[in-house]
Amino acid sequence: MSDKFVTTLAPMAGYTDFAYRTICKDFGADLTVTEMVSSKALVMGNELSRRMLFREETSPAFCQIFGHEPDIMAESVQIPEVMNYDGVDINMGCPVRKIVSNGDGSALFENPRLASQCISAVKLALKNKPVSVKFRLGISDSDGAVDFAKMCRDSGADFVTVHFRTRKQMYSGDADFTLLPKLSQLGIPIIANGDISTKQQCEKMREMGASGVAVGRAAFGRPYIFSELKDKRFEFDALDAIESHAKLLCKIFNERVVANEMKKHIACYLKGKRNGKSVTVEVMNAHDLDEITALCRNFFQTYPQLRRTIG
Ligand SMILES: Cc1cc2nc3c(=O)[nH]c(=O)nc-3n(C[C@H](O)[C@H](O)[C@H](O)COP(=O)(O)O)c2cc1C
């Protein structure tokens, strides 16, 4: 990792598809990470998992995998779709019951020996490419975080992204960055994650020793947040973003799938806009992509002043 403070688009299943990652890159995200993909599904040749790894964004971009079997994880990163990325991030933080009960995601936080084997196996298989690990502060407190970060470092991880919430917190409650200074003294770069949305917070994270930040939900519908975090000028046109997002997705999905995917993205792009709620409801009930596009065009024709955000 370079000395530069890095702004990352956090991986978010169902949201950070290749189209959104590409748009975030255009607005200055330094690093993007794919949605989590099952290493087992990749190895078994699952078509959807492989398609989820379609990539168009510029480097650096990481692919995130989950799993708990070192051999399978190592095999998965040698698949061309994964090799097409600049590095691999291993998910050791996911709190979702279905994932944890399978021994994946944050279950590995409770099994550091196996977690270490997974990291080493992936690192070996990746040869010279970097590997990172994303994990949470802990299960219900932060007692194990320092040891887990040390284990990641000693197993070959090049950096770690820490979501400063516990698994018990899921996605609510404040992120607690108290441990960040200690973690950043361990000799492995730390990307801080949890409710980051302003330049001031980035400054604070940098002062506390972080090498960068990962922005999650604050990036929903606001790809320009990456320009804001760097005080870079930008012009964001919501209708253009919606149309290019859909057009990009059409490269890999049929129109029916794109229409469904776009519904949630449009809800994000329109969130907080005056009169945006009623059109969002209409979009949710629309039958196809043409109808969705027409509704959005009509909305911005009626309220042209809501189309552009300039910073
Ligand atoms: C809808 C959703 C999907 C997520 N999917 C993933 C995922 O696939 N992999 C992962 O490591 N974290 C995932 N996360 C966690 C985020 O990467 C991030 O750690 C979390 O949202 C905290 O950051 P924030 O407070 O800035 O949103 C997801 C979060 C949300 C809200």
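Select V279, E282 and V283 in helix α14, then I292, L295 and F299 in helix α15: these two groups meet. Residues are in contact here if their C-beta atoms, placed from the backbone, lie within 7 Å. Helices are DSSP runs (H or I, at least four residues), numbered from the N terminus. The residues of this α14 and α15 contact divide into 5 nonpolar, no polar and 1 charged. Nonpolar covers Ala, Val, Leu, Ile, Met, Phe, Trp, Tyr, Cys and Pro; charged covers Asp, Glu, Lys and Arg; the others, Gly among them, count as polar.

The model is predicted: local features need pLDDT of at least 70 and side-chain atom pairs pLDDT 80 or more, while totals for chains, interfaces and linings use all residues. Residue numbers start from 1 along each chain as its sequence is written.

Now show the whole of α14, residues 276-285, with α15: their axes come within 9 Å and cross at roughly 165°. Axes are lines fitted to C-alpha atoms, for helices over the stretch in contact, and angles run from 0 to 180 degrees between N-to-C directions. α14 is therefore roughly antiparallel to α15 (the term applies to angles over 145 degrees). The crossing of α14 and α15 is right-handed, meaning that the near helix is turned clockwise from the far one by less than a right angle, whereas anticlockwise is left-handed.

The crossing of α12 past α15 is left-handed. To see the contact, select L239, I242, E243 and A246 in α12, which meet L289, T293, C296, R297 and F300 in α15. The residues there divide into 6 nonpolar, 1 polar and 2 charged.

Zoom out and colour the chain by domain: domain 1 is 6-229 and domain 2 is 235-310, with bounds from an automatic or database domain assignment. Their C-alpha centres lie 29 Å apart.

Last, select the ligand. It is surrounded by 23 residues, and the closest are A10, A13, M36, G216 and R217; a residue counts if its C-beta atom, placed from the backbone, lies within 6 Å. This shell divides into 11 nonpolar, 8 polar and 4 charged residues.

How values were computed. Angles under 35 degrees count as roughly parallel, over 145 as roughly antiparallel, 65 to 115 as roughly perpendicular and the rest as oblique.
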